[in-house]
Amino acid sequence: MAISDDEIAQVRSATDIVALISETVALKRSGRRWSGLCPFHGEKTPSFSVNAEEGLYYCFGCRASGDAIKWVRETHHLDFVDALRALADRAGIELHEDANAGPQRKERQEFMRVMDQAVSWYHERLMSSPDARVAREYLKTRGIDGNVARRFKLGWAPDEWDALAASLKLSEKDLSGTGLGFVNSRDRRQDALRARVIFPIFDPAGKAIAVGGRILPQFATRADGRVEAKYKNSPETPIYSKRRTLYALNFAKDDVIKSGEIIVCEGYTDVIAFFQAGMERAVATCGTALGEEHFKTMRNFAKRIVLAYDADAAGQSAAASVYQWERQHEVDVFVARLPEGTDPAELAQRDPEALRRSIQEALPFLGFRLERVLAGANFATAEGRARAAELAMAVLAEHPSELVRDQYVMEVADRLRLDVATLRSLASEPRAPERVAARPTPPPRDLPRPGVEALRLLVHAPEQVRERLIAPFFENGYLREIYRALIAARSIPSAVDELEREGHEESAAILAQLVVDELDHEYSAREVSAVLAQLIRSAVNQELRALGHDLREARVTPELAQSTMRDVKERLDLLESVHGDAAEADLRTWLLERATLTSP
Ligand SMILES: [Zn+2]
């Protein structure tokens, strides 16, 4: 760990976790606790809670839990140090990493700096350089004016070999590390993109991480007959992962959260078209198919995902994967009803209202696929209808839910004027869906109630129990770990952290749950003693059984065993009496002695 625990604690305490989480989840206050809909699992009633004072969140539904750092890690898919950095930046705290620490991080920072410079340079060229006139004119024909170009920071890569590399004096390492260029066979530095309109790609926080370039039509075929690819994107680099990145998510985020809907396009210009038509919630994949990682990112922001592909492309999406992701990430995938043969960019220019309608009237993914099969059917003949029925049932069979399939069977029967029973007989068994990734493990059942209650007191009313509890009171392994962590750590969040770092994720989750699960009233001294008495009884009885075992194994003399048992039982009886305190103290001593005897 390159960053000191002090600094971690400092970042944590400087972070308002309610404000942080409110950026993506609508939180309502109830008492000292805040609650809202869990971003990690789909739900209709809030089971996600945040404890502002301790800086922890916990979901009673899926058991997602943690502190601000964990939150940033999970929702932004960052590692610990990067999450900490992000929070430090947010809080205006400067971290002092060891001089030799994080060379990779330094390198990434350097690449980000270079990318940022390059994006500004390309943008400047587009906006003011005479040779960019062709690009500006091209963009105008696509309905993109200066304001839009500024908003998306579009750029122009001139038709030169090394304009960027030379102007910014980029090193070989900078070029290859960012994918902005390379060293050619004649050992000269060369730009990766030329004669292209540049679409910078930002991370969700708005930092440039890559660029995509579209060739201008007049440069598409080179003098030597070479045909340039229409789009060329940055390769994978230490700062850019295509699998994870969604173009324009940084711009779309606010509207996506507000509307609960995210529109996924195929191209950068489609995204811009949606923004211009007033739907500022469109993103695009960057030269790769929509995949699992994209879903993981999107589900943090919206539950309704609308694919705005042209119909053929949408029809070709791997249905089995889409259904699997819908289930796994609890999102609903729809397909926009774009007129055949149009893409969003041209529709936005011709008829923005139609583009908006296509999103409003988007069909569920299965409904869309069915629609396509039926649209091609010949309803006039019995053979045509039978063929359509077979195709439709094959499409239906891909969906994992019988309930969903059945609703569509009825619709298909109706449309094709066939009876439902006949149609059902065509239905083949669906292929077994791939196993859905494991949810966080369920809580260990039967956590002993007195132990849980005692820890809840230790968290919420430490002054009442701290001096009275000892580790041997906790027979349950999870609870004992939590107790030890709470006693050793200087704060509750760092106890959670410590448990996680040691791999005791179960215990960390239980502790987080205890933290948000506040006491419903202040406990009187008597109530506290009652909780402790139960806890002690259970621990003492277990130890008496161990003593009986020792006796049978002849590890203690019968006399000693009997007098001990008598003494201990006497004190158990006194626990909730006026002599309770003394009895409790004796039993503590006895259990501690037994613990030192039996531990190696
Ligand atoms: Zn949850």
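Which handedness, left or right, does the crossing of α17 and α18 have? Let's work that out together, along with a few other exercises on this predicted model.

**Exercise 1. Describe how α17 and α18 pack, including the handedness of their crossing.**

Step 1: Start with the geometry. Helix α17 (residues 365–375) packs with helix α18 (residues 382–397) at an angle of about 160 degrees, and their axes are 9 Å apart.
Step 2: Classify the angle. Angles over 145 degrees count as roughly antiparallel, so α17 is roughly antiparallel to α18.
Step 3: Now the handedness: the crossing is right-handed.
Step 4: Look up the residues that meet. From α17 come Leu366, Arg369, Leu370, Val373 and Leu374, and from α18 come Ala388, Leu391, Ala392, Val395 and Leu396.
Step 5: The contact of α17 with α18 has nine nonpolar residues, one charged residue and no polar ones.

**Exercise 2. Decide how far helix α11 is enclosed by the rest of the structure.**

Step 1: Count the buried residues. In α11 (residues 268–276), eight of the nine residues are buried.
Step 2: Name them: Tyr268, Thr269, Asp270, Val271, Ile272, Ala273, Phe274 and Phe275.
Step 3: Conclude. With eight of nine residues buried, α11 is therefore largely enclosed by the rest of the structure.
Step 4: Check what follows. Just after α11, Gly278 has a positive phi of about 90 degrees.

**Exercise 3. Arg63 and Arg417 both have positive phi. Is each one buried or exposed?**

Step 1: Take Arg63, whose phi is near 65 degrees. Arg63 sits in the loop between β4 (56–59) and β5 (65–67).
Step 2: The relative accessibility of Arg63 is 7%, so this residue counts as buried.
Step 3: Turn to Arg417, with a phi of about 50 degrees. Its loop lies between α19 (402–416) and α20 (420–426).
Step 4: Arg417 has 57% relative accessibility and so counts as exposed.

Definitions and conventions: Residues numbered from 1 in each chain as written. Predicted model: local features only at pLDDT ≥ 70, side-chain atom pairs only at ≥ 80, totals over all residues. Heavy atoms only, no water. Axes fitted to C-alpha atoms, helices over the stretch in contact; angles between N-to-C directions. Helix = DSSP H or I, 4+ residues; strand = E, 2+ residues; numbered from the N terminus. Parallel < 35°, antiparallel > 145°, perpendicular 65-115°, else oblique. Left-handed = near helix turned anticlockwise from the far one by under 90°. Contact = heavy atoms within 4.5 Å. Nonpolar A, V, L, I, M, F, W, Y, C, P; charged D, E, K, R; others polar. Buried < 20%, exposed > 50% of the residue type's maximum accessible area, 1.4 Å probe, protein only.
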